[in-house]
Structure formats: C-alpha cells, structure tokens
Amino acid sequence: MSDVQKVKNYYDEHIKGKLRGFVQENPRIERAWQTVSTFAPAEVTQILEVGCGIGDTCWRMSFQWPRANVVGLDISPKSIEIAKKLFGSDRISFVEGILTKDTLQAKFDLIVLMDVYEHIAQSDRHVLHEALASLISEKGHIILSFPTPRHLAYLREYVPGGIQPVDEDITVEVINQLAKDTSTEVKLYQEVAIWHPGDYAHAVLSRPDAKWTQESYKENNIALRSQNRLERVVRKLAFENPILSRKTQRIAFIRKKLGQHAY
Ligand SMILES: C[S@@+](CC[C@H](N)C(=O)[O-])C[C@H]1O[C@@H](n2cnc3c(N)ncnc32)[C@H](O)[C@@H]1O
C-alpha cells in the first residue's frame, strides 16, 4: 500500500474521533480558534483550511466572517464526505486531495492549518510551500497550530499510540523556512499550554502588505466579543442554522445530517 493510501485510511478510520471532538469541544481546537479569531484580519473574503477534517472549523469561520467563502481541503475521502453533509453550503465547499499549486484556482486572504502541517512529510513540504505561495493573496495571512517538538518527543516515548502515520517536528527554523518560501513574515510564534505546558505552538505569518498593528487586533477582539454575544442569541433562536451551543444540540445536529447511528 502506498504511503498516501495509508494516510487516507488512517484518517478515514478516525472519523468517530473527529465527530467526538466536535461534540465535546476539543481544547486544542478551542485554543487554536482563539488565535485564529484574534489574529486573522477583521475583513476576510476568501478562506482556505488545509486539513479541515470534518469541516467544523470551516463552518465556524463562516460565522466569524459572514461574507467570506470558505474552502476546506483534506486528504481523507471520508472526512470530506462527512464535511459536505454536515456543513456544505453555498459559501462552504470541500475538496478532497493533497494541496499542490494546481489544486485550487483562487487567492486566499486567510489560510489556516490546524494540526496538519506536522502531518506533511518533510519530503513533501516544498510542494505545500509552493502551493501556499501561489494561493496566498497580497495581504494574506497563514495561521498554524501544531505540537511542539518537545510534545512529540513526549508522545513518542510515553504515548506512542498518539503518534499519527506522519508526525514531523515543526521547529522555529521550519516556520522561518515556510515564511521565506511564501514571502510572508512571522508575526507571531507562541507556545501555548493545552494539556501540558508548551505542548502546542501557534504561528501567524502574513504578507508584508497585510495590516498588522496592535490596533487591528484590538478592533478584532472588540468585534469578536460583540459577535460572540450575537452568536449566543442566534444559537438560541435558530436551531435550524445554529452554531450549536450545547453538546446535546451538536449530537442532534449530527444525527439529523448523518443518521441516527452516526453518533
Ligand atoms: C489531526 S487532524 C486535524 C483535523 C482538524 N484540522 C483539527 O484541527 O481537528 C489532521 C488532518 O489533516 C489531514 N491530512 C493529513 N495529511 C494530509 C495531507 N497530506 N493533505 C491534506 N490533509 C491531510 C487528515 O485527514 C486530518 O483530517
């Protein structure tokens, strides 16, 4: 079996875990979401999520940026099938595959890689970098979350079952190389604590023309807080199209879209 097929099979077989993450609010995703919603520009029109899994973050981004088109891409056919059923809409589309410079014909002002960059083999990194370089807009941002090499070393030693088919160390040097290859600047690199101190890192890269001032982040935060208040009202009022606030609602949503036995 080719390595690509092994990777596809692995993630196809982990759909249940992805659904569980959506229902139970995975703390890794919640923390990454804070970084995305704080450091992405307030105005975004084209968004790409690489390694979107079942598409829940694409969906969330579509609420955060109500005028944006969102494209989610993933190597796992099953994830994309589920993502389409759960969250596909006129503004959210999903593409199965590996990102190369020819996969998509658009420019994106926000590109998100949430826990996926480390799953790209080192030998394929240049293909991804080339693709990102051709897809990022003049004022675009790339936002990544990934485990720190320290955390991967811990997993390799003590929780080897937690290691995925491809799990590469992402060092500061790797992020600097990504910035170089995509003509972006590293605007933020921070370690965060999800389950252990410094187990994950978040990086924000942006093109030199992108707006990047303390003020723009302050504006984002204020907008985010009022949007969150609005979201809560929307959740209560519109069960048909909610950002589902309760676990039971999310389970009901999955069952409605995928069938009673899906969760
Ligand atoms: C750890 S999961 C993260 C999913 C989601 N972004 C999240 O934060 O929960 C890694 C995802 O990357 C996808 N993936 C792995 N290798 C990939 C590749 N070479 N190209 C595109 N997607 C890939 C997997 O199918 C899986 O959905």
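## The chain at a glance

Of the 263 residues in this chain, 32% are buried. Keep in mind that you're looking at a predicted model.

How far apart in sequence are the residues that touch? Take the contacts between residues at least 6 apart in sequence: 67% of them join residues at least 24 apart.

Nonpolar side chains tend to be buried together in soluble globular proteins. Here, the largest nonpolar core has 53 residues, and the ones touching the most other members are Ile47, Leu48, Ala83, Ile111 and Ile143. Which strand gives the most to this core? That's E4 (residues 108-114), with six residues.

Let's zoom in on isoleucine 47. Setting aside neighbours within four places in sequence, isoleucine 47 is in contact with Met61, Trp65, Ala68, Val70, Phe108 and Leu110.

## Around the ligand

The ligand has 18 residues around it, and Tyr11, Gly51, Gly53, Ser76 and Met114 are the closest. Sort that shell by type and you get 10 nonpolar residues, six polar and two charged.

Now find helix H2 (residues 15-24) and helix H10 (residues 247-258): their axes come within 8 Å and cross at roughly 140°.

On the H2 side, the contact is made by Leu19, Phe22, Val23 and Gln24, while H10 brings Lys247, Arg250, Ile251 and Ile254. By type, the residues in this contact split into five nonpolar, one polar and two charged.

Terms used
Residues numbered from 1 in each chain as written. Predicted model: local features only at pLDDT ≥ 70, side-chain atom pairs only at ≥ 80, totals over all residues. Buried ≥ 20, exposed ≤ 12 C-beta atoms within 10 Å, placed from the backbone. Contact = placed C-beta atoms within 7 Å. Near = placed C-beta within 6 Å. Nonpolar A, V, L, I, M, F, W, Y, C, P; charged D, E, K, R; others polar. Axes fitted to C-alpha atoms, helices over the stretch in contact; angles between N-to-C directions. Helix = DSSP H or I, 4+ residues; strand = E, 2+ residues; numbered from the N terminus. Core = buried A, V, L, I, M, F, W, Y, C linked by C-beta atoms within 7 Å.
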